[in-house]
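Here's a quick briefing to keep beside you while you click through the model. Have the sequence and the structure open together.

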Amino acid sequence: MTEFIPADWAPFVALGILVLLLFAFIWEKYPPEVTAAGGAALFIVLGLVPIDNVMGVFSNSAPITIAAMFVLSGALVRTGLLEALSNRIVLLAGARPLIAGAVFVAATMIGSAFVNNTPVVLVLIPVVIRLARALGIAETRLLIPLSYVAILGGTLTLIGTSTNILISGVAAEQGLAPFGIFEIAPVGLIAIAAGLATLALLGPLLLPARTGGMDNAAKRDAVYLTEVRVTDAYASLNKAVAEVVDFSHAGIQVTGIRQGGTLRRDHLADHVLKAGDEVVLRSTMSELLTLHTVPGLITGYRRGAAPTTTADGDLVIAEAMVTGGGRGGTQTLDQMSIGYRHGMRVLGAHRHGHQVGPDLRTARLRPADSLLLEGTQGAFDQLSSAGDMMTVTLSSGRAYRRARAPIALIALLGVVGLAALNVAPIEILALLAVAAILILRCIDSEEAWGAIDAQIIVLIFAMLIVGVGLQETGAVQLIVDTLAPALDGLPPILLLAALYAVTSILTEMVTNSAVAVILTPIAVGLAAQAGVDPRPLVVGVMFGASASFATPIGYQTNTLVYGAGDYRFADFLKIGVPMNLIVGAASVLAIPVFFPF
């Protein structure tokens, strides 16, 4: 089999590398994808995987499907669909808190069933904080449940988590029929019912009730002071401010209106917009950039002509911090003369933890204040060298493309619906949907590729190579033959429970993609040895690798809320261990009902 290692030794060498790989994952000296790539390289260098088989790994459809679903998730964020839904829930919380809570749980589960749950949780973390404050409870009571509900929602469909897609792909290579998009939904519903019941009964007793640690998460959506001038071309001219859709989003607050040189702050909702009005706003960066794209509105402030494209290049938007020296400290924008001296427009100003001033033109800037600026690259170079500003970086915010939101939603629903009807393989449908949203400009190409979690894709491909190595060397069969005597005569339900437990425990310590690739072939082999259908055991691996609650490192959404909520490691153990046990027991009992042995 290999010129380096005798064939009789190959299974033991492969298992030795696997053990070292698992220890390396737990040790966390290197990121998981680096550890996995190193293990795959070792398999290749030692000749444990034939080169043709290595190249065959890249024909696996699972990573392609996962990457496409990342892009579709990014399009839902870019078009503001997730943001719009979350803001409606927060508004509902003020009037009907119980209904708002139920809608929030349902929306999170449904969203996680069809969209990668990492961006769902990222978008919802600040929403949960606002919801908690509206309900008058500690944010720590809701952030861990947010992650858990997103995890449970991912068990409803094949595309709910990348792990589900990966296991389906590996199982197909083992000879099993491909999983349908809703095939695991009945078991998922039972797991969800068990999980929600556990949170409802044990959550009030085991979840911490601490406040004050959420500021960092809440401040990630920095609020900028800005103003927009209304022109004759604005579509909402002659409408009351309360009726203007552009100003009604949750991330925008109208604080004043300047008309004829007079700034007024009372009865703003009833003010009828006229050409020349200047509306003073407090806005998140994404909403500010969205306003900047609205025809008929001129966003920001600049004395003199507006910046235009010049020989220095196209206009770019960047963030800059005011320094303590030069002419930048404690001066107004007019005194700083950013427009006159550098040909730039100030789109907004932000001060950490405080409001910059009553309006943009009279605000007195201090050291460490941030400005959102528009100008050419040459203008930014001049600004940096002038000493007024430091840390000039391209803006990380993006304007929402709300007009294209229906296209993104139709693309996602098309993938789900057509896959459920078996019109075409899901990987083909996902690729077609990605092509559609790119061509129709729901998301730019660089944003689309940025939405793909490259670490996960590298990890998956590397672990697929490791999996092929274990299969080719006979290591998987060696594990099955070793376990067979101990499992001989064991009822199938206990075999399923043991496999689920092993999967769940390893997932808490090692990345779940790695666990999925390793244990899926073993599940198929154990089923053959026991003379039972392998499908229920594979579903057990799927749920064991996806339902990870006990540690903040076992699942990516747990890690996100771990930092946002300033939790302690023990906080996850207290509620997570009961969740693992109860959801696991419910899943193991449900699987044979819908997937008979």
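P552 is buried, with a relative accessible area of 1%; buried here means under 20% relative accessible area, exposed over 50% and partly exposed in between, using a 1.4 Å probe and protein chains only. This is a predicted model, in which local features need pLDDT of at least 70, side-chain atom pairs count only at pLDDT 80 or more, and totals for chains, interfaces and linings use all residues. Residues are numbered from 1 along each chain as its sequence is written, and side-chain values use heavy atoms, with hydrogens and water left out.

**Around P552**
- You'll find P552 in the loop between α23 and α24 (556–564); helices (H or I, at least four residues) and strands (E, at least two) are DSSP runs, numbered from the N terminus.
- Skipping neighbours within four places in sequence, P552 is in contact with N558, T559, Y562, F569 and F572, where contact means heavy atoms within 4.5 Å.
- L573 sits 21 residues from P552 along the chain, and their C-alpha atoms are separated by 8.8 Å.

**α21 against α23**
- Helix α21 (residues 492–509) packs with helix α23 (residues 535–546) at an angle of about 30°, their axes 8 Å apart; axes are lines fitted to C-alpha atoms, for helices over the stretch in contact, and angles run from 0 to 180 degrees between N-to-C directions.
- That makes α21 and α23 roughly parallel to each other, because angles under 35 degrees count as roughly parallel, over 145 as roughly antiparallel, 65 to 115 as roughly perpendicular and the rest as oblique.
- The crossing of α21 and α23 is right-handed; a crossing is left-handed if the near helix is turned anticlockwise from the far one by less than a right angle, and right-handed if clockwise.
- On the α21 side, look for L495, L496, L499, Y500, T503, S504 and T507, which meet P536, L537, G540, V541, F543, G544 and A545 in α23.
- The residues of this contact of α21 with α23 divide into 9 nonpolar, 5 polar and no charged; Ala, Val, Leu, Ile, Met, Phe, Trp, Tyr, Cys and Pro count as nonpolar, Asp, Glu, Lys and Arg as charged, and the others, Gly among them, as polar.

**T163**
- T163 has its place in helix α9 (residues 162–173) and counts as buried at 1% relative accessibility.
- Not counting residues up to four places away in sequence, T163 touches N512, A516, A545 and S546.

- α4 and helix α17 (residues 426–439) pack at an angle of about 35°, with axes 9 Å apart.
- The crossing of α4 and α17 is left-handed.
- From α4, the contact uses S61, I64, T65, A68, M69, V71, L72 and A75, and from α17 I426, E427, A430, L431, A433, V434 and I437.
- By class, that contact of α4 with α17 has 12 nonpolar, 2 polar and 1 charged residues.
- T79 is in the loop between α4 (61–78) and α5 (81–95), and at 1% relative accessibility T79 counts as buried.
- The T79 side chain reaches the backbone oxygen of A75 at 2.8 Å and that of L76 at 3.4 Å.
- Leaving out residues up to four places away in sequence, T79 touches Y400, R401, R402, R404, A405, A408 and C442.

**The whole protein**
- The secondary structure comes to 25 helices and 9 strands.
- Of the 597 residues, 54% count as buried.
- Among contacts between residues at least 6 apart in sequence, 81% join residues at least 24 apart.

Note on methods:
Polar contact = N/O pair within 3.5 Å; in protein donor to acceptor, adjacent residues only side chain to side chain.
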